[in-house]
Amino acid sequence: MTRKEILGQIFEKSTSVNGVSIVNNTTQLTTISDENGMFSIVVREGDVLVFSAVNLEPLKHRVTMEDFESGKLQVKMSAKEIELKEVVVNENANITTENLGIVPYGQKTYTPAERKLFTASSGPVDKLVNAITGRTAMLKKEVNVEKKEMLFKKIEYLFDENYYTERLKIPVDDIKGFQLFCVDDAQFAVSLNTKNKTMSMFLITDLARKYLIILENEK
């Protein structure tokens, strides 16, 4: 049987996936899916195609007679469940105020900004005075800024520079701006806070597309 080129498209759920490596195990021909998840490769009936990507479960597909005759192939892949690596901030992290007996076990702890906000709104007189002066609103803003700084540190740790420039096509000078753009997205912030790297990688691809459009419009 002769070989011919077939066209295919790769999906993860209902979303097309780019950057997937496709290898024909019989001929060792390789190709990569484009931004619309599309690819083309030369095959014949019975060839085994291997699909792989860093954030997807690998998949093998044997080319059927129907695939070969139609010249089309639709491939559905599944996202990997990858836990984010924990960032070790303090080697003596087991030494806490609870372990030292300073505070009772299970007591809620607050960040510096959250403590200032709690103090500013703890009593009825303080609430009234601070509402008039706008101090409470200012402290709430500090809490939001602090949370965004924490998200920013997480995204800096999660992806290296090559991922932005090569995979997402973000210019190196715009990486910091893109990271700030990402942490402003509510869904992406949730994925960082819940350490769901698969979801973070899924969302950041669409955010990169939107950010590149913004950069193009600013030219």
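**Entry 1: strand β1 and its partners**

I began with K4 and found that its bridge partner in β5 is V43; since I was reading a predicted model, I note that here at the outset. I then looked up how the two strands run, and β1, residues 4-12, pairs with β5 in the antiparallel sense over 6 bridges. On strand β8, residues 72-77, I noted that it runs parallel to β1 and is joined to it by 6 bridges, with L7 standing opposite K72.

I also followed β1 to its end, where strand β2, residues 15-16, pairs with β1 in the antiparallel sense over 2 bridges, and where E12 stands opposite T15. These two strands form a hairpin with 2 residues between them, and I wrote down that K13 in the turn has a positive phi of about 60°.

Going back to K4, I looked at what its charge sits over, and K4 lies over the face of F68, at 4.9 Å from the ring centre.

**Entry 2: the two faces of β5**

Which residues of β5 are on its covered face, and which on the uncovered one? I listed F39, I41 and V43 on the covered face, and M38, S40 and V42 on the uncovered face. I reminded myself that in a regular strand the side chains alternate between the two faces of the sheet.

**Entry 3: aromatic pairs**

I looked up the aromatic pairs next, and the count comes to 6. Why is the pair of F39 and F51 edge-to-face? The ring centres of F39 and F51 are 5.8 Å apart and the planes stand at 70°, which is over the 60 degrees required, so the pair is edge-to-face. This pair links distant parts of the chain, with F39 in β5, residues 38-43, and F51 in strand β6, residues 48-53, 12 residues apart. I checked both for burial: F39 has a relative accessible area of 5% and is buried, and F51 is buried as well, at 0%.

I then turned to F159 and Y163, whose aromatic pair is stacked, with 4.8 Å from centre to centre and 20° between the planes. Both F159 and Y163 are buried, and they belong to one aromatic cluster together with Y164, F178, F181 and Y211.

**Entry 4: helix α6**

For helix α6, residues 175-183, I noted the buried residues as I175, F178, Q179, C182 and V183. Where do they lie when seen down the axis of α6? They fall within an arc of 135°, so they line one face of the helix.

**Entry 5: the nonpolar cores**

I ended with the largest nonpolar core, which has 22 residues, and in which I155, F159, Y164, F178, F188 and I204 touch the most other members. The elements that give two or more residues to this core are α4 (135-158), α5 (161-167), α6, α7 (186-193) and α8 (197-218), and the largest share, 7 residues, comes from α8.

I took Y164 as an example and, leaving aside its neighbours within four places in sequence, listed its contacts as I155, F159, K169, I170, I175, F178, Q179 and I204.

Terms used:
Residues numbered from 1 in each chain as written. Predicted model: local features only at pLDDT ≥ 70, side-chain atom pairs only at ≥ 80, totals over all residues. Heavy atoms only, no water. Buried < 20%, exposed > 50% of the residue type's maximum accessible area, 1.4 Å probe, protein only. Helix = DSSP H or I, 4+ residues; strand = E, 2+ residues; numbered from the N terminus. Arc of directions from axis to C-beta. Phe/Tyr/Trp six-rings, centres within 6.5 Å; stacked < 30°, edge-to-face > 60°. Lys NZ or Arg CZ within 6 Å of the ring centre and 35° of its normal. Core = buried A, V, L, I, M, F, W, Y, C linked by side-chain atoms within 4.5 Å. Contact = heavy atoms within 4.5 Å. Pairing = 2+ DSSP bridges.
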